[in-house]
Amino acid sequence: MLEIRNVVASYGSVVALKDISFTAEIGKITTVIGANGAGKSTLLRLISGLEVATSGAIHWQGESLLGKSPESIVRMGVAHVPEGHAVIAPLTVAENIEMGALFRARSNKDDVKLAIGEVYELFPRLEERKNQLAGTLSGGERQMLAISRALVSRPSLLLLDEPSLGLAPLVVEQIIETIKALCISTGLTVLLVEQNANTALSVADHGVLLSIGSVVADQPAPLMRADSALRSAYLGY
Amino acid sequence: MNTLITTLFLGTTRGAVFALVALGLVLVWRGAGIVNFAQMGQAMFSTYVASTLIIKGYGYWFAFLIALAVGAILGAIVDLAVMRPLTRRSHAGVLASDSMRATVPVIASLGILGVLQSLAGMIWAAEERGFPTPVSDVAVKPFGKTAPFTKFDLFIIVVVALTLVVTTLFFKKTGMGLAMRATALNPEVARLSGIRISRVRTLSWAISGVASSLAGLLITPSANLSPNTLDLILIVGFTAAVVGGLDSLPGSVVGGFILGLLIAVINVYVSPDDVFLALLVFLLLVLILKPGGLFASKKVRNV
Amino acid sequence: MSSHKNPAARNLFFVIIFAIVIFILGADLDPYNQGQLAVVSMLLIGVLSVTLLTGTSGQISLGQGALMAVGGYASALTILNLGLSMWLALAIAIIVSAMAGLLLGFAAARLTGPYLAGTTLVLALALPSLANRFESVFGGDVGLNVDFGNPPSWLISAFGEIGYEQWQLYATVPLTCLALLATANILSSRTGRMWRAIRDNESAASLMGVNVSTNKIFTFVVSSGFAGLSGALYGLRGIVGPSVYPISLSLLLLTGAILGGLRSIAGALIGSALVVFLPDLIEWATRPLALSEQIGNYLPGLIGGVLLLLTVILNPGGIANVLHHHKNK
Ligand SMILES: Nc1ncnc2c1ncn2[C@@H]1O[C@H](COP(=O)(O)OP(=O)(O)OP(=O)(O)O)[C@@H](O)[C@H]1O
Ligand SMILES: [Mg+2]
């Protein structure tokens, strides 16, 4: 279980998160939705160790994450795919994927090979473009690559920041279906940040709605999806 | 005609050494975003260590390897003792802006240079020393004719070529090489991939230390050893690195050879006094006309 | 306090106090220390050039020593070839070095941090070779002989007998005071605020309507004028030549500015005194240890380097910053 308790975070004088609490169940997709600037990315960056919280606690499977470096948090099974197709453009596709498994390449040689084979199976287009520079990929392919890079670390918790950004609905659907299938087959826990609330809520098990740094709703996804008052108040449709 | 050939050979051997210096600078620049003005101070220090060992009667190769190790250790110390604490505090007060974050490490590296030169002066005195070569440095004479180069020139070329091959293989074929490239290109994604970027950076400093110590060992036989001798080499190496684009490893190597040839030509055909003037003009021309280096792609870079 | 309302008047007040203190202090010192104090006063102008350039606008130059040389040669050539007075020569030194700064500024406005540092360092190495290239004009390695001349008679009648070192000090201090005043006024002016805005965030400054490259060039011009004046005075002690303005002079100015405090005038003052008197201080402190000459020669460099490193790592605001905090407690 991912447990977020009374987390406060700020950038200088800008308070991005004011006292956030919620939990995400193992093996489930929990989606965090909210308008621009609500603090969604900040939340994920806190969990993966890229930012430091002012106060509060974050626990993954009983272990505290706050104060740990991103490098150590990855080793605890938490993988973060940051906003905006985060791949390293001047490296090849294969190198980007290999990079995600570097930290366990020596201790787990065979499994790394296996994991790399699996992501190529998941996204065959990447295997075809293995030796191409990541910078030459299309937006959708880059997102697949970014996710693959995270998956080869064999995460138990996957943090996805707006995977739909700039992608055609069809591609988004394909990616999200893939993730959903992984949750079911491997027990992966997913925290999915999305602008596109409808898509997110349709695949997620649980929804958390953020507004200007606070949780305003925390309920099963189908319920949230059906709550038109909530939608019109915070999501504007 | 004969002068021209000699000049080209001289330019190539010197260029090979400049390439190493530029390589060392670029490694740290890419890895840590710092231009290390203390680099040749570190090289001077390790060359003195080698010189002392040789004077004490140890063999050239033993001293050679120890000097490279000292270079690596000094590089790592500079990072761990100065640059890491400096960047860790980088959000406080004076260091709160991009301009100062770029400026203060430069000042720190000058401080390190001062410390190393003073220490060398204290330990090894100010008097200049020569430095031996592992192979003969008189012109080779195949078929009874005097060739325009010495065995030591050939040695330099071979050593530098080998270094470049090993470096390239390291970066392209090993996991650590990949980690170093990833860290240089995008530290955030590298960290999210589990790469311990501070260790990788320290390693960049160490490798850069080896490259520059090697340069020191190769250039010193032709330039007497004193606490300040290698300063000028640093300036040439810096210019070479900028000519090559400062963040391109192959570019820095090519830049080194270009500078070697340029300097040899000016030395022989103009006047040794004008070398630094020519360097300045060349550097300014490159920075104004091709700020990203001679081999920059279309991508505009902010220098 | 009323002085808060009028910073210009407050600055003037402090500077006059400074001048009076130096004049009185200078009269009682032995010639050696008078000379050292004169050097502090000369270098203070150079350190202020770093305070303006690096401390205020965030640009770094390792070529301030070369700009000092430009000022030195300009004044020496004016005195020797045109036969003009020392004061006119100093004014010309400021103008010529400011123009050199203009040229440098055009290149510098496009460069940041390490690029700028490296380029100015190459400049500092290249300029002295001009002295050899045009030996008949610049006097080659030997350089040109100039001096402060003799003190005017009214000064002698006011102070009694005035030695050469004392005259150096008295001739320099008024100019240093002008430089201090000018710096103080720039720092508190709109221009100073624009420079700081550029230092803190270039793109934000440019969004606020500050013309970044014009201001960067202007900073170089002003800073170079300061360096030129400092260099001209420094050369008037006896010789203007390549050996008077080595690379280490640029580093000395930078060290002084950092140790004292890169961002304040008080810091520049403390820093200049520190770098000039540090070797004397070390010599005095280690005399009982009877160190070998070899160690003694390099000790100031070592201690200076270590202090520089400790300052940038532990206390980047310099000594002035520490004093300031204590005052505010
Ligand atoms: N590096 C930063 N420095 C200062 N403020 C920041 C920084 N990053 C984010 N913020 C501020 O923190 C708040 C939350 O930002 P965050 O990126 O978490 O929002 P978000 O919900 O991810 O928005 P979006 O949907 O647009 O990605 C915003 O007000 C933003 O301006
Ligand atoms: Mg976001």
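How many bridges join strand β1 of chain A to strand β2 of chain A, and do they run parallel or antiparallel?

Author: This is a predicted model, in which local features need pLDDT of at least 70 and side-chain atom pairs count only at pLDDT 80 or more, while totals for chains, interfaces and linings use all residues. Residues are numbered from 1 along each chain as its sequence is written, chains are lettered from A and ligands numbered from 1 in the order in which they are written, and side-chain values use heavy atoms, with hydrogens and water left out.

Strands β1 (residues 2–11) and β2 (residues 14–24) of chain A run antiparallel and are joined by seven bridges. Strands here are DSSP runs of E of at least two residues, helices are runs of H or I of at least four, and both are numbered from the N terminus. Two strands pair if DSSP finds at least two bridges between them. A:Ala9 has A:Leu17 in β2(A) as its bridge partner. The two strands form a hairpin with two residues between them, and A:Gly12 in the turn has a positive phi of about 60°.

Now the ligand site. The magnesium ion (ligand 2) has A:Ser41 (OG) and A:Glu83 (OE) as its protein donors, 1.9 to 2.6 Å away. Donors are N, O and S atoms within 2.8 Å of the metal (3.2 Å for Na, K and Ca); water is not among the atoms, so sites may look incomplete. A:Ser41 lies in helix α1 (residues 40–47) of chain A and A:Glu83 in the loop between β6 (78–81) and α3 (93–101) of chain A, so the pair ties together parts 42 residues apart in sequence. A:Ser41 is buried, at 17% relative accessible area, whereas A:Glu83 is partly exposed, at 40%. Buried means under 20%, exposed over 50%, and partly exposed in between (1.4 Å probe, protein chains only).

Around ligand 1 there are 13 residues, of which A:Lys40, A:Ser41, A:Thr42, A:Glu83 and A:Gln195 come nearest; a residue is near if one of its heavy atoms lies within 4 Å. Helix α1(A) gives the largest share of this shell, three residues.
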